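Subject: Structure handover

Dear colleague,

Here is the structure for your files.

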Amino acid sequence: MPSPALTHLDAAGHAHMVDVSAKAATHRKAVATGAIIMQPQTLEMILSGAASKGDVLATARIAGIMAAKKTADIIPLCHPLSLSSVTVDLAPNDNRIEITATVTTTGATGVEMEALTAVSAAALTLYDMCKAVDRGMQIENIKLLHKSGGRSGDYNAA
C-alpha cells in the first residue's frame, strides 16, 4: 500500500495551501490533550489563588480559546476557520495540570490544528504565569486524541 502524500506540498515539492473548495462542509470535531508538570507547591499556589499574576487557570483557559481562534495566524498553511465552539478544560492531577481542548466547526477542513494550538497556548500560559516560582515546569505529551468529520473519517488515539 503506498504511503499517503503530504497535502501541503505540490508536485514540485513546494509548500502551498491546500485547496478545500471542492470539499463538502461537514460537522468536524477535534480533541487534543497535553499536560504541564510542576512542583507540588506550584500547583497548590495555583489552586489556592495565591499566584501574584491572578487567576492562573482562568487566564490559561482564555489563552487556549484565543489561540484556537488565531491558529491560521501562527501556523502558516492553516485555513482561517469559523469555529462553532472551543472548550479548554484544566484538570489538576498530582503534580500536573492536564489540559484538554475540544474544537468544533462546520466546514470543509478539520480543526485538529486548532485543538492542538489551544492546548499548547494554555500550557505556555500556565508556564508564563508561574515561571517566577517554578522554572523547571515541563510541558509534555501534546497530542490529538480524536477527530471526526470529513472525507478521511474518524481518528481515535490508541
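The notes below cover the overall layout, the hairpin, the core and the annotated site.

This is a predicted model, in which local features need pLDDT of at least 70 and side-chain atom pairs count only at pLDDT 80 or more, while totals for chains, interfaces and linings use all residues. Residues are numbered from 1 along each chain as its sequence is written, and side-chain values use heavy atoms, with hydrogens and water left out.

Overall layout

The protein has 4 helices and 5 strands (DSSP runs numbered from the N terminus, with H or I and at least four residues for helices, E and at least two for strands). In sequence order the pattern is β-α-α-α-β-β-α-β-β. The C-alpha trace spans about 50 × 30 × 30 Å along its principal axes. Of the 158 residues, 38% count as buried (under 20% relative accessible area; exposed is over 50% and partly exposed is in between, with a 1.4 Å probe and protein chains only). Of the contacts between residues at least 6 apart in sequence, 69% join residues at least 24 apart (contact means heavy atoms within 4.5 Å).

UniProt, in an unreviewed entry, places "domain: Molybdopterin cofactor biosynthesis C (MoaC)" at residues 17–150. UniProt positions follow the numbering used here, feature names are shortened, and annotations may be inferred rather than shown by experiment. That span is 34% helix and 34% strand, and its end C-alpha atoms lie 18 Å apart.

Hairpin

Strands S2 (residues 83–93) and S3 (residues 96–107) run antiparallel and are joined by 10 bridges (two strands pair if DSSP finds at least two bridges between them). Valine 86 stands opposite valine 103 in S3. The two strands form a hairpin with 2 residues between them, and aspartate 94 in the turn has a positive phi of about 55 degrees.

Core

The largest nonpolar core has 30 residues, and Ile46, Val88, Ile97, Ile99 and Leu126 have the most contacts inside it (a set of buried Ala, Val, Leu, Ile, Met, Phe, Trp, Tyr and Cys residues joined through side-chain atoms within 4.5 Å). Two or more residues each come from strand S1 (26–37), helix H1 (40–48), helix H2 (56–69), S2, S3 and helix H4 (112–130). H4 gives the largest share, 8 residues. Beyond its neighbours within four places in sequence, leucine 126 contacts Ile36, Val56, Leu57, Ala60, Ile97, Ile99 and Met137.

Annotated site and cysteines

The unreviewed UniProt entry gives the annotation "binding site" to Leu77, Cys78, His79, Met113 and Glu114. These residues span 38 residues in sequence, yet no two of their C-alpha atoms are more than 12.5 Å apart, so they gather at one spot.

Cysteine 78 lies in the loop between helix H3 (71–74) and S2. Cysteine 78 counts as buried because its relative accessibility is 12%.

Methionine 113 is in helix H4 and, at 34% relative accessibility, counts as partly exposed. With neighbours within four places in sequence again left aside, methionine 113 contacts Thr71, Ile75 and Cys78.

Cysteine 130 is buried, at 1% relative accessibility. A search of the whole structure finds 0 disulfides (a pair of cysteine sulfur atoms within 2.5 Å).

Regards
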